[in-house]
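Please read the points alongside the structure displayed here.

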Amino acid sequence: VITIHDVLFLKHGRRRLENIIFKPWARLIGSRAAVVLTDSEHSRRDLVTLLGIDPDGIAVVPLGVSEQFSPEMRDKAPDALVRLGIPQNYILTVTNFRPHKNGDLLIRAYARVAERIPDTVLVLAGTRTHDSDSLRESAERLGIGDRVLMPGLISDEDLPALYAGARVFAFPSLDEGFGLPVLEAMASGVPVVSSSTSSLPEVVGDAGRMLAPTDEEAWAEAIFDLSTDVSVRQQRIQAGLKRVKAFTWRRSVSMLLDILEGVAR
């Protein structure tokens with residue numbers, strides 16, 4: 001029994017040599033395994049389409065969310081924000097800055113509403129890369145360079161507090177094998193606006209605001225509404241907290257155990 005979380009390395013990888021090595025390797029082990037585990041129906045379809053794995057041999061086991069992500073972590077946010085150099089009011093995304101994360105769309109959408117929410121900054125958390133430098137340049141060109149913060153990779157200690165303190169969590173990714181950050185944000189009691197593509201509808205359901213990842217104006221308005229409208233915020237927060245109850249590690253382990261016992265029999 002093996003796990004292939006996703007095939008983003010084939011769809012969005014930039015190193016041709018990696019693809020030459022990984023594709024036949026993944027196809028080989030996928031065809032020989034008793035069961036291939038993956039995180040979402042979206043990834044299951046990718047495994048069938050891109051690797052030719054028999055769909056009957058693939059089992060979907062959704063991920064869970066750690067109990068450390070909780071609205072209660074909001075009390076720890078002030079101290080974490082001081083350490084990270086982030087003001088109290090911020091829109092958050094957690095990213096690896098790869099192109100499919102669609103960070104440029106988020107920069108442009110935020111630029112549309114930055115003057116309407118003057119006390120709010122945009123935080124892009126994740127290890128800075130060449131791609132993050134390009135986003136920094138885009139923010140400068142749009143005149144919001146001082147309103148876009150990139151604090152780098154966030155420690156495990158500070159990440160739950162950073163989530164919980166956010167006004168809005170925005171995730172405009174073009175493609176995800178699962179989308180754990182949106183789950184962590186909802187568990188933290190933060191309203192979510194997410195792309196309506198790939199696996200994300202499976203995770204977010206109707207709890208978050210879901211938008212096409214190309215509609216810059218719609219993203220701008222969603223960010224504004226969720227930042228400023230108290231009733232809309234509360235509605236999405238409560239829906240998110242209800243939604244995440246379906247995604248526990250206990251459930252994931254139970255599903256995995258059933259699969260392993262079935263294979264053993």
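1. Axes are lines fitted to C-alpha atoms, for helices over the stretch in contact, and angles run from 0 to 180 degrees between N-to-C directions. Helices (H or I, at least four residues) and strands (E, at least two) are DSSP runs numbered from the N terminus. The model is predicted: local features need pLDDT of at least 70, side-chain atom pairs count only at pLDDT 80 or more, and totals for chains, interfaces and linings use all residues. Residues are numbered from 1 along each chain as its sequence is written, and side-chain values use heavy atoms, with hydrogens and water left out.

2. Helix H5 (residues 103-113) and helix H10 (residues 216-228) have axes that come within 8 Å and cross at roughly 60°. H5 is therefore oblique to H10 (angles under 35 degrees count as roughly parallel, over 145 as roughly antiparallel, 65 to 115 as roughly perpendicular and the rest as oblique).

3. On the H5 side, Leu105, Leu106, Arg108, Ala109, Arg112 and Val113 meet Glu216, Glu217, Trp219, Ala220, Ile223 and Phe224 of H10 (contact means heavy atoms within 4.5 Å).

4. Six strands form an open sheet with parallel pairing, in the order S6-S5-S4-S7-S8-S9 (two strands pair if DSSP finds at least two bridges between them). Strand S6 (148-152) and strand S9 (209-211) are the edges, each pairing on one side only. From one strand to the next, the twist averages 25°.

5. Strand S8 (residues 192-195) pairs with S9 in the parallel sense over three bridges; Val193 has Arg209 in S9 as its bridge partner.

6. H5 also lies across strand S4 (90-94), strand S5 (121-125), S6 and strand S7 (168-171), and runs at about 170° to S5.
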